[in-house]
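These are my notebook entries on one structure.

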Amino acid sequence: MTADPPETVVRSLWWACRVPGLKEPFDTAHLRVFYPSRPTGSDDERLTGELPADPSRAPYPVVLLLPGINVGQDAYRWLAVELARAGLVAVTADLVGELFAGSRGLTPSVDLEAASPAGWGSRPTSPLIGALLGALAELARRAPLEGLLDLERVALGGHSAGGTVALQSAALTPGVRAVFAYGAHTLVASMLGWPEGTVLPVGPGAPVLLLSGEHDGVIAASADRYADDEADHDPVLRTFREAVPDAAGASAWARLAGAGHFTACHPHDPTTARGFLEETGAGREAPRPLLGRLVTEFCAARLRDDAAAGHRLDELLRPPHPGLLAVHRR
């Protein structure tokens, strides 16, 4: 009888990097990198708490998790751990910077000029993306990740505003092989100079997984930003239909039953962000495991060419879609 393989031990390390184009002191991101480890039981581990990475599945593709506005990176730790268990290296980050109208807060660092008609397509809409990839290139030359990262296989994803800049920036970011977003869309605010109701395109080159919640109070409360006569429609679904290129079925959109905007966050912090715009509690938390499975299987399938993960993803998306109200693929 063959013994079951040991469960992956996930560890993390902290790092920091400057974000080009931002002004001090709001130009430093603090990131956390989650990786599969292989404990040896050494005295060094006991004294430092640092565990070496597991080389057996290397080189490891990388997943960047970009945050929503005023959502701390610890809210996405649960998902980062799931991704690392699947044989990926996951990265979260905190960056305090300018939001709008001179206010400051946690941000995925939205470059409004790059998202304007004049700047669109010239560069990613967040300078944080390149800064994180640069930090990972440095970490790939240091223990415990030395020689173990594959920066040619990157998934760019995020929640809320972080998901939006991921969708906008994927085609302009080297190495991106997959894009995912929860509670995010590419309808653009008319205040930036776009015609009302504009849906910015998601560039070609990588499959896309778009996810939305049945009860997203934040997206509903933000509809007036877009001056869109179709604001009563799910803008995530509209993004999928109008902005995501055909990928022969490799891209998908799904609406999670019972989910809210902050279902992606655990723990949810009620002292910041806009959680007051929707109900919270066990009903909104119940869809989180399915959300995690969809993102993890998608990333494993697209980044590791994992046929088994691809099959599991297809099973989750196949009718009658347990836990999903609707699914579309293209």
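I noted that the model is predicted: local features need pLDDT of at least 70, side-chain atom pairs count only at pLDDT 80 or more, and totals for chains, interfaces and linings use all residues. Residues are numbered from 1 along each chain as its sequence is written, and side-chain values use heavy atoms, with hydrogens and water left out.

**Entry: location of the pair.** I took helices (H or I, at least four residues) and strands (E, at least two) as DSSP runs, numbered from the N terminus. Trp120 is in the loop between β6 (104-106) and α3 (127-139), whereas Trp194 is in the loop between β8 (176-182) and β9 (208-215); the two are 74 residues apart. For burial I used relative accessible area: buried is under 20%, exposed over 50%, partly exposed in between (1.4 Å probe, protein chains only). Trp194 is buried because its relative accessibility is 16%, while Trp120, at 24%, is partly exposed.

**Entry: charges over rings.** A charge sits over a ring if NZ of Lys or CZ of Arg is within 6 Å of the ring centre and within 35 degrees of the ring normal. I found the charged end of Arg104 over the ring of Phe26, 4.4 Å from its centre.

**Entry: the sheet.** Two strands pair if DSSP finds at least two bridges between them. I recorded an open sheet of 9 strands with mixed pairing, in the order β1-β2-β4-β3-β7-β8-β9-β10-β11. Its edge strands, β1 (9-18) and β11 (324-329), each pair on one side only. Strand β2 (residues 28-37) runs antiparallel to β4 (residues 89-94), joined by 5 bridges, and Leu31 stands opposite Ala93 in β4.

I then followed β9, in which 6 of the 8 residues are buried. It is parallel to β8, with 4 bridges, and parallel to β10, with 6 bridges. Leu211 in β9 is the bridge partner of Tyr182, and the partner of Leu211 in β10 is Ala254.

Entry: Which residues does Val89 touch, not counting residues up to four places away in sequence? With contact meaning heavy atoms within 4.5 Å, they are Val33, Phe34, Tyr35, Pro36, Tyr60, Pro61, Val62, Val63 and Leu149. Val89 lies in strand β4 and counts as buried because its relative accessibility is 0%. Asp54 is in the loop between α1 (43-48) and β3; its relative accessible area of 13% makes it buried.

**Entry: helix α3.** The expected span of a helix is 1.5 Å times one less than its number of residues. The 13 residues of α3 should therefore span 18 Å, and the end C-alpha atoms are 19 Å apart, which agrees. Its buried residues include Leu128, Ile129 and Leu139. The buried residues of α3 pack against β1, β2, β3, β4, β7 and α4 (161-169).
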